[in-house]
Amino acid sequence: MINLNNHIAYPANLSLLANALRPAIFSNNRRLLAFPIWFLFIAQLVFVIRKPRRSFLNTFITSWGSLILILSSVITPWRKLQ
């Protein structure tokens, strides 16, 4: 957002660890992801690892999705990175 004096707004002061994705029992919101959804992600990853040549697009999308899921979760050491 540009102000009238043409200075760019300062970034918000947020904690990366507090906003990381966490597993939950049966709740989905901005910070929580339910265990059945985690199970589906893991099952898809196991399927791609066991049969990687079945579909290049499936392997590629699953790999990128797994990387994004890991980077957005509490598995990533956010305290060290921030």
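Reply: Helices (H or I, at least four residues) and strands (E, at least two) are DSSP runs, numbered from the N terminus. This is a predicted model, in which local features need pLDDT of at least 70 and side-chain atom pairs count only at pLDDT 80 or more, while totals for chains, interfaces and linings use all residues. Residues are numbered from 1 along each chain as its sequence is written, and side-chain values use heavy atoms, with hydrogens and water left out.

Me: Why is threonine 76 called buried?

Reply: Buried means under 20% relative accessible area, exposed means over 50%, and partly exposed lies in between (1.4 Å probe, protein chains only). The relative accessible area of threonine 76 is 8%, so the residue is buried. Leaving aside neighbours within four places in sequence, threonine 76 is in contact (heavy atoms within 4.5 Å) with Ile70, Leu71 and Leu81.

Me: What makes leucine 21 buried, and where does leucine 21 lie?

Reply: Leucine 21 has a relative accessible area of 14% and therefore counts as buried. Its place is in the segment before β1 (22-24). Leucine 21 and isoleucine 75 are 54 residues apart in sequence, yet their C-alpha atoms are 8.9 Å apart in space. Buried residues make up 17% of the 82 residues in the protein.

Me: How do you know that phenylalanine 56 and phenylalanine 60 are stacked?

Reply: The structure holds 2 aromatic pairs. In the pair of phenylalanine 56 and phenylalanine 60, the centres are 6.1 Å apart and the planes make 20°, which gives a stacked pair. The rule is that rings of Phe, Tyr and Trp (its six-membered ring) pair if their centres lie within 6.5 Å; planes under 30 degrees apart count as stacked, over 60 as edge-to-face and the rest as tilted. Both phenylalanines lie in helix α2, 4 residues apart, about one turn of the helix.

Me: Why is the pair of phenylalanine 60 and tryptophan 64 called edge-to-face?

Reply: Phenylalanine 60 is partly exposed, at 38% relative accessibility. Its ring and that of tryptophan 64 have centres 6.3 Å apart and planes at 70°, so the pair is edge-to-face. Phenylalanine 60 and tryptophan 64 are 4 residues apart in helix α2, a separation of about one helical turn. Phe56, Phe60 and Trp64 form one aromatic cluster.

Me: What makes Phe56, Leu57, Phe60, Ile61, Trp64, Leu67, Ile68 and Leu71 a nonpolar surface patch?

Reply: Among the members, phenylalanine 56 is exposed at 68%, whereas tryptophan 64 is partly exposed at 46%. Leucine 71, in helix α2 (residues 56-71), is partly exposed at 44%. The patch amounts to about 870 Å², an area that comes from the Shrake-Rupley method with a 1.4 Å probe, only the protein chains shown counting as cover for residues.

Me: How do you know which element has the highest confidence?

Reply: The score is pLDDT, the predictor's confidence in each residue, from 0 to 100. Its mean is highest in α2, at 89, and lowest in strand β2 (residues 32-34), at 78. The protein averages 81, and 88% of the residues score at least 70.

Notes:
Patch = residues over 30% accessible without salt bridge, like charges linked within 9 Å, V, L, I, M, F, W, Y side chains within 5 Å. Salt bridge = Lys/Arg side-chain N within 4 Å of Asp/Glu carboxyl O.
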